Amino acid sequence: MPIKLPPGISAAAFAEAVKEFQGAVGADWVFTSEDDLDTYRDAYSISWGHDDEYLASAAVAPDTVEQVQAVVRIANKYKIPLYAISTGKNLTYGGSAPTYSGSVVVDLKRMKRVLKVDDKRNFALVEPGCSYYDLYQHIKDRGLKVWIDCPDPGWGSPIGNALDHGVGYTASPFRDHWGSHCGMEVVLPNGEIMRTGMGASPTSDTWQDYKYGVGPHVDGLFAQGNFGIVTKMGFWLFPQPESWMTGTVHVPKYSDYSALVDHCNYLEDAHLATGQTMYGSNLGGPGVIATPEYRALMANGWPTIEQLDAYAAQRKVPAWRAKLQFYGPEKAVRASWAYAQRRISAAIPGATFTDIEFATLPLSPAQEKTHHLVNFGIPNMAIFQIVARPPAGPNNANPYDGHTDFFAVVSRSGSEVFRAMKAVYDVQKELKIDPITATPFSSPVTWHHKVFFMAAGGVGNQRGDAEHNRRMRALYAAYIEKMAAAGFPAYRTNPGAQDLLVKQFSFNNNALLKFQEALKDAVDPNGIMSPGRYGLWPKQLRGKKA
Amino acid sequence: MKALIAVLGAVISLAGTAAPVFAADAGQLALGKEKFDYWCDTCHAPDPREAGRYLPGTASLNAKYNGSRPGALVDRTDLLPPYVELVIRKGMEGMPFFRKTEISDAEMKAIAAYLSRNTRQ
Amino acid sequence: MPIKLPPGTSASTHASAVKEMQRVVGADWVFTSEEDLDTYRDAYSIRWGHDDEYLASAAVAPTSVEEVQAIVRIANKYKIPIYPISTGKNLTYGGSAPTYSGSIVLDLKRMNRVLEVDEKRAFALVEPGCSYFDLYRYVKDKGLKVWIDCPDPGWGSPIGNALDHGVGYTASQFRDHWGAHCGMEVVTPTGEIMRTGMGALPNAKTWQEYKYGVGPHVDGLFAQSNFGIVTKMGFWLMPQPEAWLTGTVNVPKYSDFIPLVEHCNYLEDAMIATGQAIYSSGLGGPQNAAEVQALMANRYPTLPELDAYAEKKGVPAWRVKLQFYGPPEVIQARWEYAQERISKAIPGTTFTNFEALPMPLTEAQEKTHHLVNFGIPNMAIFASMARQPGDADPKDGHTDFFAVCPRTGEAVFKALKLVYDTQTELGVPITASPFRGPVTWHHKVFFMGAPAVDSQRNDPAFNRRMRTLYDAYVKKFSDAGFPPYRTNPGAQDLLAAQFSFNNNVLLKFQEALKDGIDPNGILAPGRYGVWPKRLRTKRA
Amino acid sequence: MKKIIAAVGIVVGLCGAGVVSAAEPGQIARGQEKFDYWCATCHAGDPREGGRYLPGTASLNAKYKGERPGALADRTDLLPPYIKLVIRRGMEAMPFFRKTEISDAEMDDIAAYLARNTKQP
């Protein structure tokens with residue numbers, strides 16, 4: 001007996017359904033024991049241990065598309081909600097737990113095949129359980145000359161990540177994982193298999209080359225959505241570049257930042273510095289908020305740009321830096337870097353250039369030890385240091401059990417970054433966070449090539465401390481609401497905040513959500529597919545939630 | 001859960017030296033190593049920057065034990081299978097738990113046997 | 001009295017709807033006379049003068065989003081189909097005519113504003129009636145350092161073109177006009193205004209920067225489709241480059257085309273040669289017509305025969321014009337790399353026609369360059385139909401056929417032979433040639449053209465033959481895996497039917513979605529084969 | 001349709017001498033503005049004027065072989081009804097224009113502009 005039945009389903013009906021699921025995938029691959037279901041909880045949930053924590057009633061793990069179809073048909077028969085996960089490693093954004101408690105998790109981890117990698121037309125086709133590691137290893141084993149683009153945690157799924165608007169670290173268009181997908185196979189809420197784009201043409205060989213096919217594109221509905229279960233998906237790949245070059249630009253004044261951003265935008269959009277530009281401030285960094293100078297700066301609230309310019313002058317370090325990265329033939333990357341220096345020197349008096357490095361690719365094993373691997377499309381797990389015990393971290397003695405990210409979408413402009421930094425500060429001040437961690441020296445993240453993401457202060461969770469988690473939820477919800485009100489919504493969020501986030505997209509009385517709901521009802525009449533994902537509830541359940 | 005794991009950990013650290021606690025056959029150890037390398041090694045390999053991959057698991061255990069035990073799991077001589085299995089299925093701090101679709105029970109036992117191959121009575 | 005009423009709609013119902021629409025937009029902007037409606041016919045239609053030509057029952061031209069909403073509500077009230085057009089210049093793909101006769105055309109030409117162009121963040125926001133000329137003039141008048149990407153005819157609409165999968169001529173990702181769009185405003189089939197992506201968040205300034213917003217993306221539903229009327233749309237723009245460089249790579253053997261394509265793919269995908277690579281063969285052209293005919297006298301030549309022919313002619317079998325945008329020293333280095341890479345891989349390669357110019361072009365340079373490669377809209381393409389010297393009877397239009405083909409030499413060879421096979425089978429004059437290069441409007445696939453299908457407005461029998469030929473291209477190319485990327489309304493049902501995976505489940509899914517948001521089935525019924533429930537039996 | 005237009009063309013071709021229609025300068029200026037916006041992209045003076053290959057001018061050059069100017073602005077034989085007919089009915093590959101593009105008043109202005117040098121027979 002599961003702890004949590006799907007609402008409105010009797011134990012007897014559920015048992016019948018489970019029996020049918022077992023018939024479809026084999027008894028070993030249907031999980032209903034408390035121990036097994038515990039592994040489907042969201043390890044990083046800030047709802048952990050609360051009454052409204054998201055819990056599955058069972059988990060089913062198909063190995064083929066046909067088994068996925070069978071599972072979906074059974075769910076329709078019994079009107080039992082399903083929730084599909086790929087590798088289940090979407091930690092901080094929901095992990096392996098459903099968005100509607102009592103759902104049966106469809107765990108696609110066993111479907112982890114790399115179906116095709118073409119290094120002449122530069123694409124891959126994979127299954128949802130395939131991880132970045134799996135795809136990377138497949139390419140490496142065969143000596144194919146293409147790069148993948150991976151986010152920080154290497155164990156995630158290229159499909160799951162792209163579907164949740166995940167982002168990465170290599171060249172411009174590839175960092176946007178949804179943007180670089182091409183072609184899908186989907187099991188629809190009625191159990192039919194559908195292929196999108198050119199995949200619908202039984203004879204075409206361009207499923208992973210051309211996204212559109214003919215007629216309306218439906219792919220977008222499956223991103224942060226609940227219109228079907230994606231069982232195959234293609235991605236465009238970056239051909240392995242000959243070499244890589246980096247150099248760091250420093251600008252003296254705090255107010256030089258706007259010009260710096262404008263020039264870096266140009267270098268990126270013109271395909272000169274196609275690698276990730278990494279911004280930082282020499283005035284920030286760990287421990288800065290405890291220094292007397294900083295306290296003096298912030299004593300009377302958020303400082304003006306003039307005060308910040310004066311502060312930078314007094315500290316005698318360049319206020320901002322941008323690490324530029326270039327991929328390509330040696331002559332070309334050297335010429336691009338020379339151009340970048342010339343352009344920025346001419347525009348920003350006092351700009352200096354440091355940390356110049358050139359490397360032919362691929363990196364040697366020795367170079368791999370000292371470089372930021374994701375910038376080279378090499379999956380790894382380094383990011384977990386933020387939740388592990390960092391050598392001098394504040395949580396060294398009692399590390400968090402996880403964290404909940406908040407990254408806001410901000411225009412690529414200096415003035416908008418200033419406004420977003422202050423917005424984080426205002427939220428923390430209003431909530432009386434002590435100490436306030438938002439500083440005028442935080443930098444945007446450049447995972448996406450046309451927009452910045454700005455982090456708000458980390459939200460850590462403790463599986464053993466329900467009260468702590470409750471405070472974290474309040475803080476997180478405040479970030480969602482107040483940052484959106486300032487025009488800076490989160491680009492993705494955990495299930496507990498999805499209704500709240502979607503509500504902020506309120507143009508014309510949430511016309512977009514209503515349109516999505518009409519579409520949803522049309523293709524999922526029984527409302528069985530991932531109810532509530534990103535605020536989208538089927539008719540039967542609408543109004544049940546926030 | 002953390003408390004439970006801590007207790008189990010303490011029990012295990014009390015276990016002494018001498019002969020290996022579990023007799024595992026070579027095939028199981030090989031499977032265990034293979035699955036450890038696939039699933040665990042990305043965070044728990046010996047050197048925190050082994051092959052350039054910053055290894056948060058090894059770094060975290062180094063910080064925790066301050067040299068009193070090795071940070072790398074493969075160098076440990078005090079791990080007992082039930083503890084290894086518990087951490088795999090229940091997680092530990094920032095390390096989330098693993099599902100059977102990732103690491104099956106048989107694979108988990110093989111990993112546990114591999115990591116406790118040097119543990120003495 | 002219009003000639004053509006919407007099926008099932010009485011004259012009096014139609015008249016009431018027209019009257020209500022007049023109240024919304026003013027009597028001057030509702031057209032019902034035969035003379036006015038003639039200007040809404042598809043000038044290039046291969047159905048011209050046939051019983052099943054697509055004809056409007058009226059046209060209405062709003063000037064604001066609110067007027068569009070009001071018209072949509074009237075259409076719902078009377079259950080009269082409406083068909084939106086932007087500039088109405090989608091010639092060869094339907095022009096200003098509806099896909100379902102009797103529809104009222106919603107002519108958005110009067111909504112032609114450029115709402116915003118941001119040079120620093122490199123984007124534009126426009127209305128549907130705005131043409132490439134309009135956007136270009138706006139950018140030029142304000143001295144902004146950004147380029148637009150335009151297709152051949154400059155009078156088209158950036159919005160309409162993108163919605164129909166249109167393509168262009170500058171750097172890789174801008175050539176795909178749908179791919180370069182960011183953010184929309186749409187009037188839904190029930191008359192609601194909706195903004196997509198970040199446009200749904202009232203205070204966001206990133207509507208034209210970040211496509212996704214949160215939750216499922218609905219933008220794709222409005223492309224080649226009938227899910228709403230797009231009233232605003234954003235586009236990412238290319239920053240004006242410092243310089244442009246071109247050089248032509250010539251390879252000797254016919255079969256060298258295979259590695260040539262692989263290297264050009266690399267140069268494009270690795271962002272080294274981001275401009276359009278233009279392929280052609282030195283063995284084609286009118287001067288070789290007789291020899292090419294002879295080569296194909298009995299059957300399509302084999303690869304060894306084509307290699308032997310190239311050798312005999314002693315001219316390079318294939319050439320590709322590479323184009324680079326960027327600072328002079330960077331594009332010089334990139335071109336040098338391209339030469340090194342290709343010379344090493346393909347013996348006998350030569351490099352010619354080198355040219356490098358600072359940007360923008362001077363007026364004198366504009367006279368001699370292919371303007372669309374510089375984002376400058378113009379009308380030169382119409383020369384393909386206009387009277388040439390010695391041309392007694394120019395055609396009244398043409399119907400394009402461009403097939404989606406993988407970027408490999410092998411696939412191109414297969415597609416070239418297919419044109420020959422189709423023409424042979426239909427017994428039409430053979431205009432196929434093994435020396436036609438693929439078109440590179442899109443950066444990840446080739447488009448293979450079949451020789452033009454012409455139209456004559458005064459010759460229905462001629463047009464009937466053209467329809468047969470066109471349908472044969474659609475069917476045979478799709479069977480071989482090369483369906484066209486867009487088509488005119490007369491072939492949309494046929495084309496959609498070719499996308500038949502799992503009993504056309506994609507189309508069924510699209511139709512289920514359509515029914516969910518357009519319960520009265522009033523918006524552009526039949527566009528790209530998607531029919532509302534009440535008209536599904538009308539499918540060709 | 002082509003026949004009707006040809007017929008009107010012939011009638012117009014027979015016209016000669018003094019200016020046929022008295023248009024006020026404002027109308028001619030407005031007509032030129034609209035001609036430049038809508039028509040000059042194909043029908044401007046030089047087939048490569050401003051680098052824009054001009055298919056309308058090129059086509060008319062091929063048609064008249066020097067008997068008449070290919071550029072419409074240089075013609076001295078155009079009559080307003082003919083111009084309006086071609087605008088609303090099209091001519092070969094040149095499609096017709098809708099009132100949302102060129103209103104009746106604007107069409108009158110263009111016609112007046114192009115007929116400004118046409119003389120009475």
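Predicted model: local features only at pLDDT ≥ 70, side-chain atom pairs only at ≥ 80, totals over all residues.

Mentor: Between chain A and chain C the count is seven salt bridges. Polar contacts join the two chains as well: 52 residue pairs, with both partners at pLDDT 80 or more. On the side of chain A that touches chain C, helix H15 of chain A (residues 507-523) gives the largest share, ten residues. By residue type, that side of chain A divides into 54 nonpolar, 29 polar and 17 charged residues.

Now for the extent of the contact. Chain A contributes 100 residues and chain C contributes 98 residues. The size of an interface is often given as the accessible area lost when the parts come together. Here chain A and chain C bury about 8300 Å² between them, and carbon and sulfur atoms account for 66% of that area. Val214(A), Phe507(A) and Phe515(A) supply 9% of the area that chain A buries against chain C, more than any other three residues.

Over all chains, the count comes to 73 aromatic pairs. In chain C, the rings of Phe257(C) and Phe413(C) have their centres 5.8 Å apart and their planes at 35°, so this pair is tilted. Phe257(C) lies in helix H7 and Phe413(C) in helix H12 of chain C, 156 residues apart, and both residues are buried.

Note on methods
Residues numbered from 1 in each chain as written. Chains lettered and ligands numbered in written order. Heavy atoms only, no water. Contact = heavy atoms within 4.5 Å. Buried area = accessible area lost by both parts, 1.4 Å probe. Salt bridge = Lys/Arg side-chain N within 4 Å of Asp/Glu carboxyl O. Polar contact = N/O pair within 3.5 Å; in protein donor to acceptor, adjacent residues only side chain to side chain. Helix = DSSP H or I, 4+ residues; strand = E, 2+ residues; numbered from the N terminus. Nonpolar A, V, L, I, M, F, W, Y, C, P; charged D, E, K, R; others polar. Phe/Tyr/Trp six-rings, centres within 6.5 Å; stacked < 30°, edge-to-face > 60°. Buried < 20%, exposed > 50% of the residue type's maximum accessible area, 1.4 Å probe, protein only.
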